[in-house]
Amino acid sequence: IINSEVAYNLVINYGGVINKSIKVFLHTYAFDMDNEGYIYNYIANGLVETYPRVDMFITDSDTYKNDLCAINGFDKNKVVTLKLPVDKSLNFVDRNKFTKKIFWAGRISDAKIVETAVEIGNRLNAYGIELHFYGHLDHEYAQGDLFEKMISPLSNVYYHGAFDKFEDIPVSRYDAMLFTSKNEGLPNILLEAIATNTFIVASNVGAVSEV
């Protein structure tokens, strides 16, 4: 099961029958967080209800595994951590000069507190530093060109659109990567940035400190 409320409900209601013939593995990677800082399970009929019928929970960070056990009382032997592999073809960048440019990459959404990132860009202008955004716009930011309007008054902030994979971002043009977020699992994009010798400034949420 991967982020499917239909499958959650199927296991909750018919798990006794299902467990007689197959094993059930459920992938989960992070608690969500509301604007007041309270964490909760993303799927309404969530992990606790499925727990008796799930053979193994799979997550990508020790941080989240520990949270599941501490907050929900899960048996640590029922939660397995599988770290995501990093693309070994990523090029290591030899950094020997400053460009006075940094980049932000990810999904441009409320969860990534992009307003904070834009404000950081605004303040960087006083130091002659540019901030460049890469990422898909969530509906709320695409509607009415909201994100474009947010950054249009800032002469040092640029948006380059969505990207398919990390290597599409010209990281050699930048001094560092900015990563803002209010809740995370283990962000694979940070592992990829590290693989390219990119310096990172990030919100200390979820498994970021584990990275």
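These legends go with a handful of close-up views of a predicted model. Residues are counted from 1 along each chain as its sequence is written, and side-chain values rest on heavy atoms, with hydrogens and water left out. Since we're looking at a prediction, local features need pLDDT of at least 70 and side-chain atom pairs count only at pLDDT 80 or more, while totals for chains, interfaces and linings use all residues.

**View 1. The whole chain, to get your bearings.** The chain holds seven helices and ten strands (DSSP runs, H or I of at least four residues for helices and E of at least two for strands, numbered from the N terminus). Its C-alpha atoms fill a box of roughly 65 × 40 × 30 Å along the principal axes. Of the 211 residues, 40% are buried, meaning under 20% relative accessible area with a 1.4 Å probe, protein chains only. Take the contacts (heavy atoms within 4.5 Å) with a separation of 6 or more, and 69% of them link residues 24 or more positions apart.

**View 2. An open, parallel sheet of five strands.** Read across the sheet and you get E8-E7-E6-E9-E10, with parallel pairing; two strands pair if DSSP finds at least two bridges between them. E8 (157-159) and E10 (199-202) sit at the edges, each pairing on one side only. From one strand to the next, the twist averages 25°, with axes fitted as lines to C-alpha atoms (for helices, over the stretch in contact) and angles running from 0 to 180 degrees between N-to-C directions.

**View 3. Strand E9 and its two partners.** E9 covers residues 176-179 and is joined to E10 by four bridges, with Met177 standing opposite Ile200. Towards E6, the parallel pairing runs over three bridges, and here Ala176 is the bridge partner of Ile102. Ala176 and Leu178 point one way from E9, Met177 and Phe179 the other way, and all are buried. In a regular strand, side chains alternate between the two faces of the sheet.

View 4. H4 (residues 114-124) lies across E6 (101-105), E7 (130-134), E8 and E9, at about 155° to E7. H7 (residues 188-195) lies across E6, E9 and E10, at about 170° to E9.

**View 5. The largest pocket.** This one has about 960 Å³ of space, the volume being what probe spheres fill when set on grid points joined across faces, edges and corners. A pocket here is an open set of points on a 1 Å grid over the protein atoms alone, where a 1.4 Å probe fits, with protein on both sides within 12 Å along at least five of seven lines; lining residues have an atom within 4 Å of a point. There are 40 of these lining residues, with Tyr29, Arg107, Lys112, Glu184 and Gly185 nearest the centre. H7 gives the most, three residues, while E2 (32-33) and E4 (56-59) each supply at least two.

**View 6. Asp138, tucked into a loop.** Look for Asp138 between E7 and helix H5 (139-142). Asp138 counts as buried because its relative accessible area is 19%. Leaving aside residues up to four places away in sequence, Asp138 touches Arg107, Ile108 and Ser109.

How values were computed. Buried means under 20% relative accessible area, exposed over 50%, partly exposed in between (1.4 Å probe, protein chains only).
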